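Colleague: I would like to go through this model before I plan my reading of it. Please show it first, and then I will ask about its contacts.

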Amino acid sequence: MTPPPTSSTSSSLSPQDALGLRTALAAARKSYAEGGVPIGASLVLPHPPGEPSGAPVVLGQGHNSRVQLDSPILHGETAALLDAGRLKAEVYRQATMYTTLSPCSMCSGAILLYKIPRLVIGEHHNFVGDEELLRSRGVDVVVLDDPECIDLMERFIREKPEEWYEDIGEVPPAQQ
């Protein structure tokens, strides 16, 4: 299997952060190709569960599937958690969530519920979610300003503004 192309930002990232962002971005591209909202996420551990060292491991990955599956709750982060399956509390507390776009209230709540200590965000130019809430609750929030994440989301918003506003729970400006 060929790995997804890396983002221009990933060359300056740690191996774990490069893996997490690359995986999330591949999921976002997949969603876009399927006609959905291009937001992807991954849940990554710095080493395999139960081992004190080793290469980072992706526990789960997913993308926004609201359009594809007619789901009100399958955002990138919730899809990545679903893909990871049931995990022990101590596993979540060692993991990092990667997402191509700043997380909404629902996804931020899931991060807080499972006490995921670190969140890496591809971009927050197109949407700023509950980053301050997460920081106030002790989550280490890192924003990368990745150009590919920004461009992919901007393209989607231009092409499908009604689906974008639906996804973030807002009424499109023309309908207000």
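Colleague: How many aromatic pairs does a search of the whole structure find?

Modeller: This is a predicted model, in which local features need pLDDT of at least 70, side-chain atom pairs count only at pLDDT 80 or more, and totals for chains, interfaces and linings use all residues. Residues are numbered from 1 along each chain as its sequence is written, and side-chain values use heavy atoms, with hydrogens and water left out. Rings of Phe, Tyr and Trp (its six-membered ring) pair if their centres lie within 6.5 Å; planes under 30 degrees apart are stacked, over 60 edge-to-face and the rest tilted. By that rule the number of aromatic pairs in the whole structure is two.

Colleague: How are the rings of phenylalanine 127 and tryptophan 164 arranged?

Modeller: Phenylalanine 127 is in the loop between strand S4 (118-121) and helix H6 (131-136), and tryptophan 164 is in helix H8 (residues 161-167), so the pair ties together parts 37 residues apart in sequence. Helices (H or I, at least four residues) and strands (E, at least two) are DSSP runs, numbered from the N terminus. Both phenylalanine 127 and tryptophan 164 are buried, where buried means under 20% relative accessible area, exposed over 50% and partly exposed in between (1.4 Å probe, protein chains only). Their ring centres are 5.9 Å apart with the planes at 85°, so the arrangement is edge-to-face.

Colleague: Is aspartate 17 buried or exposed?

Modeller: Aspartate 17 is found in helix H1 (residues 15-33). Leaving aside residues up to four places away in sequence, aspartate 17 touches Tyr98, Arg118 and Val120, a contact being heavy atoms within 4.5 Å. Its relative accessibility is 9%, so aspartate 17 counts as buried.

Colleague: What distance separates the end C-alpha atoms of H1?

Modeller: The expected span of a helix is 1.5 Å times one less than its number of residues. For the 19 residues of H1 that gives 27 Å, and the end C-alpha atoms agree, at 27 Å.

Colleague: Which elements are included in what covers the buried residues of H1?

Modeller: The buried residues of H1 include Leu19, Leu21 and Leu25. Their cover includes strand S1 (40-45), strand S2 (57-63), helix H2 (66-69), strand S3 (96-99), S4 and helix H7 (147-159).

Colleague: Which residue forms a salt bridge with arginine 29?

Modeller: A salt bridge is a side-chain nitrogen of Lys or Arg within 4 Å of a carboxyl oxygen of Asp or Glu, and the count by this rule is eight. Arginine 29 is partly exposed, at 22% relative accessibility. Its N to O distance in the bridge is 2.9 Å, and the partner is glutamate 148.

Colleague: Where does arginine 66 meet aspartate 167, and in which helices do the two lie?

Modeller: The side chains of arginine 66 and aspartate 167 meet in a salt bridge at 3.4 Å, N to O. Arginine 66 is buried, with a relative accessible area of 13%, and aspartate 167 is buried at 8%. The pair ties together parts 101 residues apart in sequence, because arginine 66 lies in helix H2 and aspartate 167 in helix H8.

Colleague: What is the phi of aspartate 70?

Modeller: Most residues other than glycine have a negative phi. Aspartate 70 lies in the loop between H2 and helix H3 (76-84) and counts as exposed, at 70% relative accessibility. Its phi is positive, near 55°.
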